[in-house]
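Hi everyone, thanks for coming. I'd like to walk you through one model today, so please have a look at the screen.

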Amino acid sequence: MTMKHEKEYRQLGLTIAYYRKMQNLSQLNLAERANLSRTHISNIEAPNMHTSVSLEALFDIADALGIPIKALFDFRE
């Protein structure tokens, strides 16, 4: 994976972690709800990991969090 959008991947992971924590969910809880592995959620959220994420996984994460997918891209500066 190229790091052309490294900042955006980092912000996406931080946004997912923000919404997860707002609902008092562990990474395992979110992973189970989204039908993903806890390791994958952890890698997505980790600011120094360079993990790609599919659009399908993002839809599943947004559904699991009960938020519109566009909220995941509302990056806070």
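Let's begin with the inside. This is a predicted model, and it holds 1 cavity of 30 Å³ or more. The space in that largest cavity comes to about 100 Å³. There are 15 residues lining it, and Tyr9, Arg10, Ile44, Met49 and Thr51 are the closest to its centre.

Where does the lining come from? Both α1, which covers 6–22, and α3, which covers 38–45, supply at least two residues each. The largest share is from α1, with 5 residues.

Most residues other than glycine have a negative phi. With that in mind, please find Asn24 in the loop between α1 and α2, the latter being 27–34. The phi of Asn24 is near 55°, a positive value in a residue that is not glycine. Is Asn24 buried or exposed? Asn24 is exposed, because its relative accessible area is 70%, and the cut-off for exposed is over 50%.

With a relative accessibility of 70%, Asn35 counts as exposed.

Let's finish with the aromatic rings. How many aromatic pairs does the structure hold? There are 2 aromatic pairs. One of them joins Tyr18 and Tyr19 in an edge-to-face arrangement, with 5.2 Å centre to centre and 75° between the planes. Why edge-to-face? Because planes over 60 degrees apart fall in that class. Tyr18 is partly exposed at 36% relative accessibility, whereas Tyr19, at 16%, counts as buried.

Phe73 and Phe75 also form an aromatic pair, and this one is tilted: the centres are 6.2 Å apart, with 55° between the planes. Phe73 has a relative accessible area of 43%, so it is partly exposed. Phe75 counts as partly exposed too, at 22% relative accessibility.

Methods
Residues numbered from 1 in each chain as written. Predicted model: local features only at pLDDT ≥ 70, side-chain atom pairs only at ≥ 80, totals over all residues. Heavy atoms only, no water. 1 Å grid on protein atoms, 1.4 Å probe; cavity = no way out; pocket = protein on both sides within 12 Å on 5 of 7 lines; lining within 4 Å. Points joined across faces, edges and corners; volume = space filled by probe spheres on them. Helix = DSSP H or I, 4+ residues; strand = E, 2+ residues; numbered from the N terminus. Buried < 20%, exposed > 50% of the residue type's maximum accessible area, 1.4 Å probe, protein only. Phe/Tyr/Trp six-rings, centres within 6.5 Å; stacked < 30°, edge-to-face > 60°.
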